Amino acid sequence: MKKPYETVPVRSSEITPEHIYINRRQFLKGLAAVGAGSLLAACAPDIAKTLTPGEQATGAPEAPNPSGLTDELGNAANSYEQISQYNNFYEFTIDKEGVARLAEGYATSPWTIEFSGLVNKPQTLSFDDLVSRFDQEERIYRLRCVEGWSMVIPWLGFPLSKLLSLVEPMGSAKYVKFTTILDQDHMPGQNTSYYPWPYIEGLRMDEAMNDLSFVVTGLYGKPLPPQNGAPLRIAVPWKYGFKSGKSIVKVELTEEEPYTFWNTIAPHEYGFYANVNPQVDHPRWSQASERRIGELSRRSTLMFNGYADQVASMYSDMDLTVYY
Ligand SMILES: Nc1nc2c(c(=O)[nH]1)N[C@H]1C(S)=C(S)[C@@H](COP(=O)(O)O)O[C@H]1N2
Ligand SMILES: [Mo]
């Protein structure tokens, strides 16, 4: 059977020359070396030089798939530039093309992550300590934003289930709640009182333990740039992108379904489950199709974003025609 995602062990020696390869020691050294402002300049892969906003691309237009990477359905990966220059990160700004500039130099080291709630081993770990405990692997996932655009992204990281095993969830734990950093001094978007900061997201326990649920620490084999949620974010590829919280500082196991950011703002528009479903429209727009960043025509959206084989059974007792 085909694997539900393309996965490349990071220590593999079979990585193609164009592909950015970095072993774990280099990765950690790289993380330690990342200082304010140096990340994009020092770490942007040379296959896709990152343009600063305002700088014009010169020379030949970008090749359709500069990295040669594809997902398990054969879709070309988006370029590093596309992935790191078109972002949703409301803590900085609601302007997708302005996030990268505002997030440039955002200090993500030192960084600690607190594990609490219904766990046998509550603890607070530094990001460096945490990441050193897990082998990093690459997973090429589709990301489908609820707004109707999508990308194919080669993430680096490790399964969320491994992270949870570390803290030993109690039997009474039913949900995992992820909290993003609250940092009004450095995140201009957090000064808008309209939004219920900090950004919170959550998953049901079985969803969190599903093998697709991923803790992301890197992109194209490099440490995650701040605009993509450094130093650590979640990727839940069968759900709309807003379920994948960025720059996480707290992981809490709860018995009750957590109140989440978008669900609190507009519960009838952004459900807790938010599974990608082309047959159930957003109240204000169709979800039947999507614009893949870099493509001209729209493509059909796939049920569960193309991951139905791995996740549909978790929802067999839910009426999927209802907007959850
Ligand atoms: N903390 C936080 N996480 C967030 C968001 C946000 O605004 N703040 N936006 C979400 C949305 S709507 C999407 S589509 C993805 C975008 O991730 P990317 O910018 O890395 O592609 O991040 C999600 N995680
Ligand atoms: Mo999104």
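Let me start with a definition: a residue is near a molecule or strand if one of its heavy atoms lies within 4 Å of it. By that rule, 15 residues surround ligand 1, and the closest are Tyr90, Glu91, Asn228, Ser244 and Lys246.

Before I go on, some housekeeping, everyone. This is a predicted model, in which local features need pLDDT of at least 70, side-chain atom pairs count only at pLDDT 80 or more, and totals for chains, interfaces and linings use all residues. Residues are numbered from 1 along each chain as its sequence is written, chains are lettered from A and ligands numbered from 1 in the order in which they are written, and side-chain values use heavy atoms, with hydrogens and water left out.

Now, confidence. The predictor's confidence in each residue is the pLDDT, from 0 to 100. For the protein chain the mean pLDDT is 86, with 80% of its residues at 70 or more. Please keep one stretch in mind: over residues 8–61 the pLDDT is below 50, and beyond near neighbours in sequence this stretch has 87 contacts in the model. By contact I mean heavy atoms within 4.5 Å.

Next, the overall picture. The protein chain has nine helices and 13 strands; these are DSSP runs numbered from the N terminus, helices being H or I of at least four residues and strands E of at least two. Of the chain's 324 residues, 55% count as buried. Here buried means under 20% relative accessible area, exposed over 50%, and partly exposed in between, with a 1.4 Å probe and protein chains only. If we take contacts between residues at least 6 apart in sequence, 71% of them join residues at least 24 apart. The protein chain exposes about 14200 Å², and carbon and sulfur atoms supply 52% of that. Those areas come from the Shrake-Rupley method with a 1.4 Å probe; for residues, only the protein chains shown count as cover.

What about the interior? The largest nonpolar core holds 80 residues, and Trp155, Leu160, Trp238 and Val251 touch the most other members. The largest share of this core, six residues, comes from strand 5, residues 149–159. A nonpolar core is a set of buried Ala, Val, Leu, Ile, Met, Phe, Trp, Tyr and Cys residues joined through side-chain atoms within 4.5 Å.

Back to the ligand. I'll talk about polar contacts: pairs of N or O atoms within 3.5 Å, where, within protein, one must be able to donate a hydrogen and the other to accept it, and residues adjacent in sequence count only if both atoms are side-chain atoms. Which parts of Thr180, Asn228 and Ser244 meet ligand 1? An N or O atom in the side chain of Thr180 is 3.1 Å from a nitrogen atom of ligand 1. Asn228 places a polar side-chain atom 2.9 Å from an oxygen atom of the ligand. Ser244 uses a polar backbone atom, 2.8 Å from a nitrogen atom of ligand 1. Taken alone, ligand 1 exposes 540 Å², of which the protein buries 98%.

Now have a look at Arg204, in strand 7, residues 200–204. Is Arg204 buried or exposed? Its relative accessibility is 16%, so Arg204 counts as buried. The Arg204 side chain makes a polar contact with the side chain of Asp206 at 2.8 Å, and another with the side chain of Tyr273 at 3.4 Å. Leaving out residues up to four places away in sequence, Arg204 touches Lys174, Tyr175, Phe272, Tyr273, Met314, Tyr315 and Met318.

The peptide bond from Ser109 to Pro110 is cis, with omega near 0 degrees, and Pro110 sits in the loop between helix 4 (99–103) and strand 2 (112–117). The bond from Trp197 to Pro198 is cis too, omega near 0 degrees, and Pro198 belongs to the loop between strand 6 (175–180) and strand 7.

Two non-glycine residues have a positive phi. Glu168, at about 55 degrees, lies in the loop between helix 6 (160–167) and strand 6, and is partly exposed with a relative accessible area of 31%. Ser247, at about 45 degrees, lies in the loop between strand 10 (233–235) and strand 11 (248–254), and is buried, with a relative accessible area of 1%.
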